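Please examine the model below before reading on.

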Amino acid sequence: MPTTLSMAAMAAALVFTPFVQAASPAAAQETAGNVSYISGGVGEDEAAAMKSAAAGYPLELQFVQKATPRDEFLADVKVRITDRARNVVLDAVASGPFLLAKLPAGTYQIEADHVGVVKRQTVDIRPGKHQRSVFVWSATDETRQSMADTSPADTALR
């Protein structure tokens, strides 16, 4: 038979569990080769948790869409990271506006693809240092890509 103290502990666990979960990144750490990473950050609580976790990862990527009245975070961005020898070390889809990766020291080329518009950046990962890269897409990027995806026959119908 449960004691009053154990029942109080169970009740407290039920009440406080959502707060503990909100304080940690929503996504579980994944591994691709020798690279561990997490992605996510949809919503204010998850974004705060990802920002807090970023210090434990040498590489922090953020994905942003320029918009009015304010910029918007992006999700479902395809990320491909290659090393200096052009070996793919990470090929993933970010489930939110943040991707945190534990990469060995070295120089990497990052390609981030949102709706067919690819942005590239080079980063140098150094031991004990945190590198943050922000990828920004504009509304005109999507418009140009949408027009490029349209066949001449589709354009004639407009």
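This is a predicted model: local features need pLDDT of at least 70, side-chain atom pairs count only at pLDDT 80 or more; totals for chains, interfaces and linings use all residues.

Modeller: Residues are numbered from 1 along each chain as its sequence is written, and side-chain values use heavy atoms, with hydrogens and water left out.

Colleague: In what order do the elements of the protein chain run from the N terminus on?

Modeller: Elements are DSSP runs, namely helices (H or I, at least four residues) and strands (E, at least two), numbered from the N terminus. The protein chain has four helices and ten strands. Their order is α-β-β-α-β-β-β-β-β-β-β-β-α-α.

Colleague: Is G106 buried or exposed, or partly exposed?

Modeller: G106 lies in strand β8, residues 106-114. Buried means under 20% relative accessible area, exposed over 50%, and partly exposed in between (1.4 Å probe, protein chains only). Because its relative accessible area is 25%, G106 is partly exposed.

Colleague: Which residues does G106 touch, not counting residues up to four places away in sequence?

Modeller: Contact means heavy atoms within 4.5 Å. With residues up to four places away in sequence not counted, G106 touches V123, D124 and I125.

Colleague: How far apart in space are G106 and P127, C-alpha to C-alpha?

Modeller: G106 and P127 are 21 residues apart in sequence. From C-alpha to C-alpha, their separation in space is 9.1 Å.
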